[in-house]
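This report describes a single predicted model.

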Amino acid sequence: TPTAAMAAAMAERAAQVAAKFSEMTAASLAAANAAGVGLGSSLGAGLGAGAAATQQTGFVSELEINDFPQHSRWKVTHRQTLAGVTELTGAAITVRGTYVEPGKAPPDGDRKLFLLIEGPSEQAVRQAKAEIKRVVEECAEKALRRDVPTAGGRYSVM
């Protein structure tokens, strides 16, 4: 069916994006643990890609979005986008932290804007994270295409 083919294509793309950003994810979780955020989780053996196992909720991961372009931040925090990702993957996504302008430090006791992704399985968390990253990349590509001047102008030279 077309739906199954689309889901398979999306899953393949999600796996590619997840692999590309796995280093960033691990660094984000390490920074959160170093900051003493305490997600009530411990890094499980063999989880990789920054997913952490918890006893209460399954698997947890974070994705810092503070430094993404404004439109991308808006898009990935929009209710409709988050609902679509949740429906596709089964992972719950929560927006946490506050926006901090570039070059400034976050207020005491607060963190930069990030998404907390919780899911019943490691695969669900990875797939949700990959889908969010796909949306961010799509927004960035649209912004680049919009900012590049077109070759043609109002008049043409013969």
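## Contacts along the chain

Among contacts (heavy atoms within 4.5 Å) with a sequence separation of 6 or more, 61% join residues 24 or more positions apart.

## Basis of the values

Residues are numbered from 1 along each chain as its sequence is written. The model is predicted, so that local features need pLDDT of at least 70 and side-chain atom pairs pLDDT 80 or more, while totals for chains, interfaces and linings use all residues; side-chain values use heavy atoms, without hydrogens and water.

## Secondary structure and burial

The chain has five helices and four strands, taken as DSSP runs (helices H or I, at least four residues; strands E, at least two) numbered from the N terminus. Their order along the sequence is α-α-β-β-α-α-β-β-α.

Of 158 residues, 33% are buried, that is, under 20% relative accessible area with a 1.4 Å probe, protein chains only. In helix α3 (residues 70-77), the buried residues are Ser72, Arg73 and Val76. They lie on the same side of α3 because they cover an arc of only 100° around the axis, taken from the directions from the helix axis to the C-beta atoms.

## Confidence

The mean pLDDT (the predictor's confidence in each residue, from 0 to 100) is 74, and 56% of residues reach 70 or more. Residues 17-29 stay under 50, with 25 contacts beyond four places in sequence. Residues 31-49 are also below 50, with 31 contacts beyond near neighbours in sequence. Where pLDDT is low, the predicted coordinates should not be read in detail.

Definitions and conventions
Buried < 20%, exposed > 50% of the residue type's maximum accessible area, 1.4 Å probe, protein only.
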